[in-house]
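Thanks, everyone. I'll keep this short. Here is what I have on screen today.

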Amino acid sequence: MSLSSDVTTLGIRVQARSRYAPERSQPQAGMFFFVYTITLSNSGTDSAQLLSRHWVITDGNQHIEEVRGPGVVGETPILQPGQSFSYSSGCMLRTQFGTMHGTYQMVRADGTRFDVEIAPFVLALPHAIN
């Protein structure tokens with residue numbers, strides 16, 4: 001597994017990459033902050049709107065946290081064919097290593113709802129992934 005992932009579901013491509021943010025971390029307190037950037041691209045022929053997200057975050061101790069909510073970073077972007085949308089967010093772990101994966105819930109202009117996969121990617125301090 002790597003610090004990035006790339007998967008396409010029903011014409012919606014999800015690219016993810018992560019990095020450790022030492023400036024927002026407190027290692028002595030067991031708090032490790034990671035920033036991840038997601039790019040969604042519509043390679044299909046129909047528009048699609050992101051409605052909600054479901055994340056599964058697993059730390060190095062195999063503790064699992066699930067996060068569900070509307071949109072991403074306060075937005076519910078509509079992707080026309082050929083369009084992309086990128087955003088960055090963050091995640092605090094109590095270990096130096098973890099993983100994230102999940103789904104975005106989308107809807108087409110005709111009302112058809114579908115889930116788009118977010119393939120697993122690693123959250124790790126640079127020395128923790130050799």
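Start with Ser25. Is Ser25 buried or exposed? Its relative accessible area is 11%. The cut-off for buried is under 20%, so Ser25 counts as buried. Keep in mind that this is a predicted model.

Where does Ser25 sit? In the loop between E2 and E3. Now the contacts. Skip residues up to four places away in sequence, and Ser25 touches Tyr20, Met31, Phe32 and Phe33.

Ser89 is in strand E7. Ser89 is partly exposed, because its relative accessible area is 28%. Leave aside neighbours within four places in sequence. Ser89 is then in contact with Phe34, Val35, Tyr36 and Val73. Now look across to Ser18. Ser89 and Ser18 are 71 residues apart along the chain. Their C-alpha atoms are separated by 9.6 Å.

On to the sheet. Which strands form it, and in what order? The order is E1-E2-E3-E7. The sheet is open, and the pairing is antiparallel. E1, residues 4-9, and E7, residues 84-93, stand at the edges. Each has a single partner strand, so one side of each has no neighbour in the sheet. On average, neighbouring strands here are turned by 20° against each other, direction ignored.

Zoom in on the E1 end. E1 runs antiparallel to E2, residues 12-20, and six bridges join the two. Val7 stands opposite Val14 in E2.

Last topic, the core. In soluble globular proteins, nonpolar side chains tend to be buried together. Here, the largest nonpolar core has 28 residues. Which of them touch the most other members? Ile38, Leu40, Trp55, Tyr87 and Tyr104. Six strands each supply at least two residues of this core: E2, E3 (32-42), E4 (48-59), E7, E8 (97-108) and E9 (113-124).

Take Leu40 from that group. Again, leave aside neighbours within four places in sequence. Leu40 is in contact with Ile12, Arg13 and Val14, among others. Its list also includes Leu50, Leu79, Gln83, Ser84 and Phe85. Tyr87 and Tyr104 are on that list too, and both are among the core residues that touch the most other members.

That's my tour. Over to you.

Note on methods:
Residues are numbered from 1 along each chain as its sequence is written. This is a predicted model: local features need pLDDT of at least 70, side-chain atom pairs count only at pLDDT 80 or more; totals for chains, interfaces and linings use all residues. Side-chain values use heavy atoms; hydrogens and water are left out. Two strands pair if DSSP finds at least two bridges between them. Helices (H or I, at least four residues) and strands (E, at least two) are DSSP runs, numbered from the N terminus. Axes are lines fitted to C-alpha atoms, for helices over the stretch in contact, and angles run from 0 to 180 degrees between N-to-C directions. A nonpolar core is a set of buried Ala, Val, Leu, Ile, Met, Phe, Trp, Tyr and Cys residues joined through side-chain atoms within 4.5 Å. Buried means under 20% relative accessible area, exposed over 50%, partly exposed in between (1.4 Å probe, protein chains only). Contact means heavy atoms within 4.5 Å.
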